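Thanks for coming. I will take a few minutes on how one chain packs, so please have the display open.

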Amino acid sequence: MLSQSRASAFAPGDRLPVEGDITMATTSRVRTTDTALTTAETAFAFLTYEPAPLAFDARPVPGLPDTTIPLDELRTLLKCERYDSDTTDELWRQLAHHAREWGPAWVVGAIGIALPALTHLAAKISRGRARHADDVDSEVLAGFLHALRTADLTPPRLWLRLCWAAWRAGVTVIKADDGEELPLNLPSGSRSPKMPYGHPDLLLGRAATAGLITTDAAELISATRFGDALIEHLAAERGVAASALRMRRRRAERIVAAAVTRGDLSTPVRSCRPRNAAIAA
């Protein structure tokens, strides 16, 4: 729907998006050339021009004003106010549905609402790596767009999951670059460095094989730290409290971190009898 009048203006905020919150972040990063994110901002601006700016019907969303709101004003509102998870989830379910069902304008609109946060995430990823900034912007936007089109809209924390998808996509640019160069502390001799380099799942598998942590603990870390699973969902499936599952994960992570520091996981290990003092349930 298109609004007939403008709502009052809001001052911009500068808070990070956090779980249970749809606060939008701004960034001080200055872009001197066009990137995927600046191009998206330009497209978003076209959607919000008078006399007929694209507007969001906020009436079905608990906690938002009971009216239609032009998208640029909605974005400003979200940058200034903090909302609970119910409001967050319903807003992004509506935006994702519009993007999937109502055509390209709503794809651009949903991206535009998220742009302050996406810009902030991209700036954090590319900090100190200016030559990768354009690629990071592209991957962050692509990751968010893919999640916007494909993510399950039913589970909670939708905004958080969309942001994590964008973050993971952007980080792949930096990881790929790191893989092209030798580590700075590589020894000068012919022996391989002792500390492991590789995917975290490899280390988790070695830790489980060595009996340092259980297979369940390794899968828990992998699913929640490097995958899309949420602790709350896994806890509900297992019939345990989310806090208990977090404690198990934390205990297992500490054991793996200590093993990495000692160099115990730098090479494949043979299966051994679990040590009661070291096993993380």
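First, the ground rules. This is a predicted model, in which local features need pLDDT of at least 70 and side-chain atom pairs count only at pLDDT 80 or more, while totals for chains, interfaces and linings use all residues. Residues are numbered from 1 along each chain as its sequence is written, and side-chain values use heavy atoms, with hydrogens and water left out.

Start with the cores. By nonpolar core I mean a set of buried Ala, Val, Leu, Ile, Met, Phe, Trp, Tyr and Cys residues joined through side-chain atoms within 4.5 Å. Buried is under 20% relative accessible area, exposed is over 50%, and partly exposed is in between, with a 1.4 Å probe and protein chains only. The largest nonpolar core has 49 residues, and Phe56, Leu64, Leu74, Leu91, Trp92, Phe144 and Leu148 have the most contacts inside it. Two or more residues each come from α1 (36-47), α2 (71-80), α3 (85-101), α4 (104-126), α5 (133-150) and α6 (158-178). The elements are DSSP runs numbered from the N terminus: helices are H or I with at least four residues, strands are E with at least two. The most comes from α4, with twelve residues. Another core lies apart from this one; it has 15 residues, including Leu203 and Ile221.

Now α2. Eight of its ten residues are buried, so α2 is largely enclosed by the rest of the structure. The buried set is Leu71, Glu73, Leu74, Arg75, Leu77, Leu78, Lys79 and Cys80. These residues pack against α1, β1 (55-57), β2 (68-70), α3 and α4. Contact here means heavy atoms within 4.5 Å. Two of them, Leu74 and Leu77, are also touched by Leu64, whose other partners beyond four places in sequence include Phe56 and Leu91.

Next, Leu148, in helix α5. Is Leu148 buried or exposed? At 1% relative accessibility, Leu148 is buried. Beyond four places in sequence, Leu148 contacts Trp92, Ala96, Ala99, Arg100, Ala110 and Leu162. Its C-alpha lies 8.6 Å from that of Val107, 41 residues away in sequence.

How do α3 and α4 cross? Their axes come within 7 Å and cross at roughly 145 degrees. Axes are lines fitted to C-alpha atoms, for helices over the stretch in contact, with angles from 0 to 180 degrees between N-to-C directions. On the α3 side are Trp92, Leu95, His98 and Ala99; on the α4 side are Trp106, Val107, Ala110, Ile113 and Ala114. That contact has eight nonpolar residues, one polar and no charged.

Last, the aromatics. Rings of Phe, Tyr and Trp (its six-membered ring) pair if their centres lie within 6.5 Å; planes under 30 degrees apart are stacked, over 60 edge-to-face, the rest tilted. Five such pairs turn up in the whole structure. Trp92 and Phe144 are edge-to-face, at 6.0 Å centre to centre and 85 degrees between the planes. This pair joins helix α3 to helix α5 across 52 residues, and both members are buried. Trp102 and Trp106 have ring centres 5.9 Å apart and planes at 75 degrees, so they too are edge-to-face. Trp102 is partly exposed at 47%, whereas Trp106 is buried at 6%. Finally, Trp92, Phe144 and Trp159 form one aromatic cluster.

Note on methods:
Nonpolar A, V, L, I, M, F, W, Y, C, P; charged D, E, K, R; others polar.
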